[in-house]
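Q: I would like to learn how to read the packing of helices and the pairing of strands from a set of coordinates. Could we work through one case together, feature by feature?

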Amino acid sequence: MDTRALDTDPRRVRRARLGGIVLLTAAALAVPVGPAAAATPATPEARSVMSSDTYEAKVELIVNARRADHGLRPLHFESCADMTAERWAERVASTGDFVHQSSGAIIDACRVSYAGETLGRGSFGPRALVRSWMRSPMHRMVVLSPLARRIGVGSDLDDSGQWVTSASFTRR
């Protein structure tokens, strides 16, 4: 049994503690692709020309605003968390495999005691993405985790022009 994997079914397990290491992953959030997606217009924020760096910075700012709304400390940028998020967003965007990376991989790569991840894909801007995460119990739990201290965000456009965003939340 892979002890680094986390059962993300909120009815069974919310967190796994493994020798002082906490793994937390949210269920994936996606906007339908294909004909249904074409019927859903992109938000004005998403339609505007925006670089990946700008999109990512806005996601980080909005995540910290939501955390402040709940009395939580802001998350600070961490290069390792950012690297894991960037690489994962690029992989998901290029392969179309919309799955989470192993939280254990983030823990190992960044040498941290806590890792959480949220994913999103769709034709919407940073504000709508974070709003969707906050409406999803599993994503909300990761975004508002009091254990998180650092964040890295990666965003990339897939072949259909939808943003794929991965946010890695960590704590040393």
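A: Let us start with the idea of a helix axis: axes are lines fitted to C-alpha atoms, for helices over the stretch in contact, and angles run from 0 to 180 degrees between N-to-C directions. Please keep in mind throughout that this is a predicted model.

Q: At what angle do helix α3 and helix α6 pack, and how far apart are their axes?

A: Helix α3, which covers residues 52-69, packs against helix α6, residues 126-135, at an angle of about 40°, and their axes are 9 Å apart. That angle makes α3 oblique to α6, and the crossing of the two helices is right-handed.

Q: Which residues of α3 and α6 meet, and what is their class?

A: From α3 the contact takes Y55, K58, V59, I62, V63 and R66, and these meet P126, R127, L129, V130, W133 and M134 in α6. Sorted by class, the contact of α3 with α6 holds nine nonpolar, no polar and three charged residues.

Q: How do α4 and α5 pack, in angle and in distance between axes?

A: Helix α4 (residues 79-95) and helix α5 (residues 103-110) pack at an angle of about 140°, with 10 Å between their axes. Angles over 145 degrees would count as roughly antiparallel; α4 and α5 are therefore oblique to each other. The crossing in which α4 passes α5 is right-handed. The residues that meet are C80, A81 and T84 in α4 and I106, A109 and C110 in α5, and by class they divide into five nonpolar, one polar and no charged.

Q: What can be said of V99 in the loop between α4 and α5?

A: V99 lies in the loop between α4 and α5, and it counts as partly exposed because its relative accessibility is 43%. Leaving aside residues up to four places away in sequence, V99 touches W88, R91, V92 and L119. One of these, W88, is 11 residues from V99 in sequence and 9.4 Å from it in space, C-alpha to C-alpha.

Q: Where is R111, and is it buried or exposed?

A: R111 is placed in the loop between α5 and β5, and it is exposed, with a relative accessible area of 74%.

Q: Turning to the strands, which ones are joined to β7, and by how many bridges?

A: The general idea is to follow the bridges from strand to strand, and to note the sense of each pairing. Strand β5, residues 114-122, is joined to β7 by nine bridges, and the two run antiparallel; R121 has V164 in β7 as its bridge partner. Strand β6, residues 150-157, is joined to β7 by eight bridges, and this pair is likewise antiparallel.

Q: What lies between β6 and β7 in their hairpin?

A: The hairpin of β6 and β7 has five residues between the strands, and in it G161 takes a positive phi near 85°.

Q: In which sense, parallel or antiparallel, do β4 and β6 pair?

A: Strand β4, residues 76-77, pairs with β6 in the parallel sense over two bridges, and in this pairing F77 stands opposite I151 in β6.

Q: How many residues of β7 are buried?

A: In a regular strand the side chains alternate between the two faces of the sheet. In strand β7, residues 163-171, eight of the nine residues are buried, so this strand is largely enclosed by the rest of the structure.

How values were computed: Residues numbered from 1 in each chain as written. Predicted model: local features only at pLDDT ≥ 70, side-chain atom pairs only at ≥ 80, totals over all residues. Heavy atoms only, no water. Helix = DSSP H or I, 4+ residues; strand = E, 2+ residues; numbered from the N terminus. Parallel < 35°, antiparallel > 145°, perpendicular 65-115°, else oblique. Left-handed = near helix turned anticlockwise from the far one by under 90°. Contact = heavy atoms within 4.5 Å. Nonpolar A, V, L, I, M, F, W, Y, C, P; charged D, E, K, R; others polar. Buried < 20%, exposed > 50% of the residue type's maximum accessible area, 1.4 Å probe, protein only. Pairing = 2+ DSSP bridges.
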